[in-house]
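I opened the notebook today to look through a model and jot down what turned up.

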Amino acid sequence: MSRPQTQDRVSIDENESQRQAADDLADAPVASYSRARPILMVISSFVLTLTACGLNFAFGVYQELYESLDGPFADASPAQIDLIGTLGVSLMTILAPYASAWTKSYSPRAMTSIGAVLFALANILASVSQTLWQFILTQGVLLGCATCLAYIPAVTVPPGWFKERRGLAMGIVLSGTGVGGTLWAPVLRALNAGIGFRNTLRLTGGLSFFLIAGSGWMLKWHPEIESRNRLEQTPGQSRLRPPLANWRVVRSRVFFAQAAGAMFQAAAYYTPVYFISTYARTLGYSPATGANFIALSNGVSAGGKVFLGYIADRFGRLNVLLICTLLSAVSTLALWLPSTIERDKQAAMTLFIAYVVLYSVTAGAYVSLFPTVLVELFGVQNFASVNGLLYMLRGSATLVGTPSAGALIRSNSGTSMHSKLAFRNPSVLIGCLLASATAGCLWIRIEAMSQPGSRWKR
């Protein structure tokens, strides 16, 4: 009877040694290898977000087009059509625990290659869809799964290659969502008008395959993190099943604070992005100008992510995250909401333009600073599991918040969805959600200050 106990004791000691070795390796400073390698990681991840996320962020072009089409969308409400894009962007993060675990167990290259195949397949299948539920399954569910396999490696791998300039690096990586939206919105609208939306879906499906597969092929873990990933693999455990998160971390107050802020912000974030073009039409702008507003939003968001990432490295990532979330809430309640009830057309247009710029810069910065803040709060050793779990929570919140805002467009009795007054209630909802997210960020800042060795510049 004593021999099995001895073997169990040895097994426990070996596992404990592996965990300790992984922790020691995670706490070690990021070594300087080749200067070109970190830059290559940023470029590869930038192209991934530009393609996969950029196309999702330009769904507003399809939203407006689908609302005007008969056939599959003849009896569909804005909320039902919005569900297509909402599923795409929410599944991009809901499945993050699996995508993060698979990226660790296999490789970023393998995950992005699968994502490229699924992304092309989703667009091609959507191009032959004939009913609303088919578009929901293809351009929504399947495209969301494909985007997840491209997006999660893009935001999980690069932070390990940087330390002092992590905010700037992630700002550049996630500016790809804005640059992609700026690029894709007018291109998609022109293609839809010129060759039809079905051929446009086929064309973007083929092009996205080469962009995602090619850029993902260059993605690679930092050698130290790759070694730690191998040490953390449990013998006999399925590589397809994500590992459990560190429950000591998950039960902490700082995790609850981060989760609350992340979920409120995600519930609000995508609604203005998706309805910018539609709302611009209610102000009297043409369809082309509506698409240009999407491009403007994504363009200033991209620039803001890079600039504010640089500022965050100098003045503290948590500090900049809090300020940006506050300004996005203020811009919604002080600019978008008044524009929905302003009777003077020119004044309403001015308020809306100011809102598009300020909201896009500040709300977009939250997305780029989010991974860097997780490293700050939980350390490199817990980043992958916490990152996946929190992205899943963000995706779940998106799945609730954005359709709710879309349903509110027709909530005013007797108000047409083509009237700017129909957007009054959604703007109130978005403003309140962002105000709640600001409270969550303030809670994070307070909790972080109580941690050992904390400082205000964090």
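Here are my entries, starting with the overall picture.

**Entry 1: the whole chain**

I noted before anything else that this is a predicted model. I looked up the secondary structure and found 17 helices and zero strands. I then checked burial: of the 458 residues, 55% count as buried. I also looked at contacts between residues with a separation of 6 or more, and 84% of these join residues 24 or more positions apart.

**Entry 2: helix 4**

I picked helix 4, which covers residues 78–94. Its 17 residues reach 23 Å from the first C-alpha to the last, close to the 24 Å expected at 1.5 Å a residue. I looked for a bend and found one of about 30° at Ile 84. Is this helix enclosed or open to the outside? I found that 15 of its 17 residues are buried, so helix 4 is largely enclosed by the rest of the structure.

**Entry 3: helix 3 against helix 8**

Next I looked at how helix 3 (residues 59–68) packs with helix 8 (residues 166–195). The angle is about 35°, and the axes are 8 Å apart. Which residues meet here? From helix 3 I wrote down Val 61, Tyr 62 and Leu 65. On the helix 8 side they meet Ala 185, Leu 188, Arg 189 and Asn 192. Sorted by class, this contact has five nonpolar residues, one polar and one charged.

**Entry 4: Ser 175**

I then asked what Ser 175 is in contact with, leaving aside neighbours within four places in sequence. The list is Phe 46, Ala 302, Lys 305 and Val 306.

**Entry 5: salt bridges**

How many salt bridges does the structure hold? I found two.

One joins the side chains of Glu 447 and Arg 253, at 3.0 Å from N to O. Glu 447 lies in helix 17 (residues 424–449) and Arg 253 in helix 12 (residues 253–282), so the pair ties together parts that are 194 residues apart in sequence. I checked both partners for burial. Glu 447 is buried, with a relative accessible area of 11%, whereas Arg 253 is exposed at 56%.

In the other, the side chains of Arg 317 and Asp 313 meet at 2.8 Å, N to O. As a reminder to myself, side chains of opposite charge can pair when their charged atoms come close.

**Entry 6: Ala 213**

My last stop was Ala 213, which I found in helix 9 (residues 197–216). Its relative accessible area is 18%; the cut-off for buried is under 20%, so Ala 213 goes down as buried. I also looked up where Ala 213 sits relative to Ala 110. They are 103 residues apart in sequence, and their C-alpha atoms are 9.3 Å apart in space.

Technical notes. Residues numbered from 1 in each chain as written. Predicted model: local features only at pLDDT ≥ 70, side-chain atom pairs only at ≥ 80, totals over all residues. Heavy atoms only, no water. Axes fitted to C-alpha atoms, helices over the stretch in contact; angles between N-to-C directions. Helix = DSSP H or I, 4+ residues; strand = E, 2+ residues; numbered from the N terminus. Contact = heavy atoms within 4.5 Å. Nonpolar A, V, L, I, M, F, W, Y, C, P; charged D, E, K, R; others polar. Expected span 1.5 Å × (residues − 1). Bend = angle between axes of the 7 residues up to and from the residue. Buried < 20%, exposed > 50% of the residue type's maximum accessible area, 1.4 Å probe, protein only. Salt bridge = Lys/Arg side-chain N within 4 Å of Asp/Glu carboxyl O.
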